[in-house]
Amino acid sequence: MNIELRKLTLEDYEDLKESMLQAYDSMGGSIWPKSSIAKLINIFPEGQLCIAVDDKVVACSLAIIVEYDEYGDRHTYKLITGDYSFTTHDPNGDTLYGIEIFVHPDYRGLRLGRRLYEARKELCESLNLKSIIAGGRIPGYHEYAEKLSPRQYIDKVKAKEIYDPTLTFQISNDFHVRKVLKNYLPGDKESKEYATLIEWNNIYYQGIDASARSAMTIRLGLVQWEMRLFPNMDAFYEQVEFFVDALSGYKSDFVMFPELFNTPLLQPYNHLPEIEAMRKLAEKTKEIVQKMHEYSLSYNTNIITGSMPLIEDGKLYNATYLCHRTGKIDEYRKIHITPNEQKYYGMIGGDKVQVFDTDCGKVGILICYDVEFPELSRIYAEQGMQILFVPFLTDTQNGYTRVRHCAQARAIENECYVAIAGCVGNLPKVNNMDIQFAQSAVFTPSDFAFPTNAIKAEATPNTEMVLVVDVDLHLLDELHHYGTVKVLKDRRKDLYQVKLLK
């Protein structure tokens, strides 16, 4: 499955029409004519967004810009759209007005609506507009209309005593209700023609620099995972989804789990030799990756899955996966296998070294021991890497210290951010996985634009928790060109080289 959020084009109209008919079946299948879509695309192309799943448009949001004070809080939908002609669109206005948003019912489990709302917010910030305002239907109101006023109904939805498919979703996306509108959308029987006037305020408007959290600011979510036994796979997935949900709620662009974080699932095979037990665990990898792929889509975040054993052609690898929120999946296999992994599990190293393109820049992945070999991350830097992700698993503080200090060195020498995430706690009833030590962190280069100790953030040692960290890719560009020292530019390539041989 491939998910793409992009600007709407007129060529999308047939898909759009089909999705609108399905989305508004309860309202008689009302749809926008092609001429209206054409006019919106012509006057304000940036405001017309869609989501295509496998090249089929299944979700859409339409918007215009208005000078809101000209219409005020008592407006109707017909008034603010200029009798559906959109002559009210004002490029110099102060408010992004949402005139449509819908998702095909067959695709609502993918949280595509959240993606559209987030894209609207980013557009509002980039255009330095004051707020997003829209009239929101309350389609559940007809079930309560005889005993509750619209205001009472809205209050109960806010208090989570009643679930409304539209209003509940809007509230969860940081919109608040300004007012109740009457006769807003004639023919909306489910809402009894009432609507909520909802608003999202752009905190970066005017006095605060509108680029304060620009498109180059990336939010990282690291999971410091506590090893624990799980009674079944459902309990394991519940814990995984909890962290993805929580970090997605903080709008993390990436979520990273640690190396071999799924080894508690070895417990049923503890009677087997370690090499056989790890191969049994490898049988679950495909299923776990597919589940995380689904989470990356439904929670709209890129997931570094943490590493897992992988069998291919009878050989055992230590592999991690990058599940893109667009639907793509990339794989990386640990290059340098530790003596422990060789001795107890018979693992071998992978042989592919590459940087991955994401919607948040170029990233590299190294697994634990790999980060202790500076050549790999230097090759990544040559390929344009901006963020290096390192899922790790260390049992002692000595092992952790090696990973930590090498990761810090990689950030400084390659002018990039390095994020490390590890496992904590004790794990009885699983051979060779008794104790863990970790302190997850995000490291930076060392110059004036970064923290004086080159540590952006770090977790509490040996405690299960998440770390949510913003990193600014603009600062890397500035460092590369104007830094106190320019490590990448000042290399003596006439004297030495680091090359990828295959």
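1. Helix α4 is largely enclosed by the rest of the structure, because 12 of its 15 residues are buried. The model is a predicted one.

2. N128, which follows α4, has a positive phi, near 55°.

3. The protein is divided into two parts, domain 1 (3-201) and domain 2 (215-482). Nine residues of domain 1 and 10 residues of domain 2 take part in the contact. The centres of domain 1 and domain 2, taken over C-alpha atoms, are separated by 38 Å.

4. Between domain 1 and domain 2 an area of about 820 Å² is buried, and carbon and sulfur atoms give 40% of it. On the domain 1 side, I3, R111 and R115 lose the most area to domain 2, together 57% of what that side buries.

5. Eight residue pairs are in polar contact across the interface of domain 1 and domain 2, with both residues at pLDDT 80 or more. Helix α4 supplies four residues, the largest share of the side of domain 1 that touches domain 2.

6. The count of salt bridges between domain 1 and domain 2 is one. A salt bridge joins the side chains of K251 and D174, at 3.2 Å from N to O.

How values were computed
Residues numbered from 1 in each chain as written. Predicted model: local features only at pLDDT ≥ 70, side-chain atom pairs only at ≥ 80, totals over all residues. Heavy atoms only, no water. Buried < 20%, exposed > 50% of the residue type's maximum accessible area, 1.4 Å probe, protein only. Helix = DSSP H or I, 4+ residues; strand = E, 2+ residues; numbered from the N terminus. Domains from an automatic or database assignment. Contact = heavy atoms within 4.5 Å. Buried area = accessible area lost by both parts, 1.4 Å probe. Salt bridge = Lys/Arg side-chain N within 4 Å of Asp/Glu carboxyl O. Polar contact = N/O pair within 3.5 Å; in protein donor to acceptor, adjacent residues only side chain to side chain.
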